[in-house]
Amino acid sequence: MCGIVGYIGWQDAAPVLLKGLKRLEYRGYDSAGIALLNGTLSVMKQKGSVSGLETDTLAFRKETPGATMGVGHTRWATHGEPSDRNAHPHLNTAGDIAVIHNGIIENYSALKQELISQDYVFVSETDSEVLVHLIDRIWKSEPSLDLETVTRSALRHVEGAYGLCVISSREPDKIVVARKGSPLVIGIGIGEFFIASDAAPIIEHTNKVVYLSDGELAVVTREGYSIKTIENVEQEKIVTELDFSLEKIEKGGFEHFMLKEIFEQPAVMHDVMRGRVRLEEGRLCLGGIEDYLDRLKQAKRIIICACGTSWHAGLIGEYLIEEFARIPVEVDYASEFRYRNPIVGVDDVVIVISQSGETADTLAALRTAKEKGALVMGICNVVGSTIARETLCGMYTHAGPEIGVASTKAFTAQVIMLYMLALALSKGRTISSDEIVLHLKELVTIPEKAARILELDSQIKSIAERFKDAKNFLYLGRGYNFPVALEGALKLKEISYIHAEGYPAAEMKHGPIALIDEDMPVIIIATRDNTYSKILSNIEEVRSRKGRVIAIANDGDQEISRLAEHVIYIPQASGPITPLLTVIPLQLLAYHIATLRGCNVDRPRNLAKSVTVE
Ligand code: G6P
């Protein structure tokens, strides 16, 4: 949700900022802008992508030669439509203070009325603009204060979430940065510093970073940085070394990040298991939770909270943990959990799952669970993210940076983590060590099977060609493949804008069957497991209403080819592990349908990769 970059150092700031914004564009891409400071403050901002801004800034940059500091923003609209006016940075009326902001100022309306009554003129419809006028008002009333102090005072009036950068020509050699709820990282170079919403724009310059925590404010100059709380208490921060390379966040010959990330899955699966699945020793080593494993095993109940694709992984986690570890599991949308006054206590374990580790609702669910005394564990992909830091224990998925807005490799990585967790929770309780070894032996075969599914890419593309103009899709699955049906439908919706619904196959007769006719493609996951015969009946039910069946089935299943119009054959795997394979053809199908329809799969309309607002 909105990308923030800042630079102060010795390089020409504009290209650094623009390149940084491009790396953050997955966070929001409806408008973009930069402010450069070189004696005077100059702003260029407009509706549209960063590339558009880059082209149009050529002249602007000539007007502001040699600026070696500035800030940039790429927006995901919350308050006010995408437009030039609503794009950030926002300026005060005198044009000597600029603010970029990620998050939502919840009391902006009251603040705005107050400022308007004091003759402040607003040029945008955004909540963010109140920040710059608030800073201006405080500075006017006490001109002897410095930028840091006025920003700190202004933030005391603000309710809501922010990650922000403030610069001013009145104090030209500093960037004031603050965070509450929206992530910010400072990159440490030599004689130069970078600020960004996440590490992606920073990695090509330095691998040394400091993550700001909620309620912290930093002043960054060419000489260094200082970090204090909003209450003005100095903070000692640890410098973290990033462990991913630039190559990992580039497309590497693929047409889109999403396709690259789908194809990365076999390698990611290896990475997730590396060092954790110790087949030769017949055990799992889950470092991030080892000290808490006994407490986790004693949980009366596990509640999994997440959003979007991570929530689907959570549903699979429920099936896995209940089946293997026999601990009752509930799965909740984080946004529902946090507001429904849930009954949670010290006997409960709450597992939050988040690729980004920054999703606002998931973070709030985590905090609610903590307040109520539950043991809170995280499964996150982004190292050092807020959720990762605020959970008591947890595991990183190690899927590498995921740039495509629609999650793919992070999902399979989450499912593997949950599979390993379920086995770890069962050990010594519900399944024998020998059985665990058998499960692990199967798990390590999955990357190679996933690679074989990727070889079906052209077959899946030709199926996509036939169905790309459909108006609706239905996805059906049972058991472990029910959440996969949900995920398949979500992928298609997100990137192709075709309406799609996922359903447990048996529930079809309670509603969706009414929709089935010759125009309705129905994707049915029909792998051989304990519900196989039931799924065959569901296929018959669809066929008899002229629905067009595309089946995902196991290699060698002749019966399916008799029933379905198209069959995508995938390698056999046992039920609990099958989602890791069945989801891959669905990702590819969604990808091809979307690209054939001319959609921008990496940046689908209205979506954002990291949803840091409620
Ligand atoms: C957004 C993204 C989804 C993601 C969801 C949860 O909606 O577009 O791809 O699944 O947020 O994100 P998280 O980072 O918490 O997994």
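These exercises, each with a worked solution, explore a predicted model.

**Exercise 1. In what order do the strands of the open five-stranded sheet lie, and which strands form its edges?**

Step 1. Read the order across the sheet. It is β23-β22-β24-β25-β26, with parallel pairing.

Step 2. Look for strands that pair on one side only. These are β23 (499–504) and β26 (566–570), the edge strands.

Step 3. Zoom in on one pair. Strand β22 (residues 472–477) runs parallel to β23, and six bridges join them. Across this pair, Tyr475 stands opposite Gly502 in β23.

Step 4. Helix α17 (residues 481–496) lies across β22, β23 and β24 (521–525). The angle between α17 and β23 is about 175°.

**Exercise 2. How many residues of strand β17 are buried, and which strands does β17 pair with?**

Step 1. Count the buried residues. Six of the six residues of β17 (residues 301–306) are buried, so this strand is largely enclosed by the rest of the structure.

Step 2. Sort the side chains by direction. In a regular strand, side chains alternate between the two faces of the sheet. Arg301, Ile303 and Cys305 point one way from β17. Ile302, Ile304 and Ala306 point the other way.

Step 3. Find the partners. Five bridges join β17 to β19 (residues 348–354), and the two run parallel. β17 also pairs with β18 (residues 329–333) in the parallel sense, over five bridges.

Step 4. Follow one residue across both pairs. Cys305 has Val352 as its bridge partner in β19. In β18, Cys305 stands opposite Asp332.

**Exercise 3. Which residues touch the most other members of the largest nonpolar core?**

Step 1. Start with the core itself. It has 98 residues. Those touching the most other members are Ile302, Ile321, Ile351, Leu443, Phe473 and Tyr475.

Step 2. Find the main contributor. Helix α13 (residues 409–426) gives the largest share, 13 residues.

Step 3. Inspect one member. Leaving aside neighbours within four places in sequence, the contacts of Ile321 include Ile302, Ile351, Leu421 and Leu425.

Step 4. Look for another core. A second, separate one has 33 residues, among them Ala13, Ala14, Val50 and Tyr211.

**Exercise 4. How many residues surround the ligand, and which are the closest?**

Step 1. Count them. The ligand is surrounded by 14 residues. The closest are Ser310, Ser354, Gln355, Ser356 and Thr359.

Step 2. Check a side chain. An N or O atom in the side chain of Ser310 is 2.5 Å from an oxygen atom of the ligand.

Step 3. Check the backbone. A backbone N or O atom of Thr309 lies 2.9 Å from an oxygen atom of the ligand. A polar backbone atom of Ala608 is 2.9 Å from a ligand oxygen atom.

How values were computed: Residues numbered from 1 in each chain as written. Predicted model: local features only at pLDDT ≥ 70, side-chain atom pairs only at ≥ 80, totals over all residues. Heavy atoms only, no water. Pairing = 2+ DSSP bridges. Helix = DSSP H or I, 4+ residues; strand = E, 2+ residues; numbered from the N terminus. Contact = heavy atoms within 4.5 Å. Axes fitted to C-alpha atoms, helices over the stretch in contact; angles between N-to-C directions. Core = buried A, V, L, I, M, F, W, Y, C linked by side-chain atoms within 4.5 Å. Buried < 20%, exposed > 50% of the residue type's maximum accessible area, 1.4 Å probe, protein only. Near = heavy atom within 4 Å. Polar contact = N/O pair within 3.5 Å; in protein donor to acceptor, adjacent residues only side chain to side chain.
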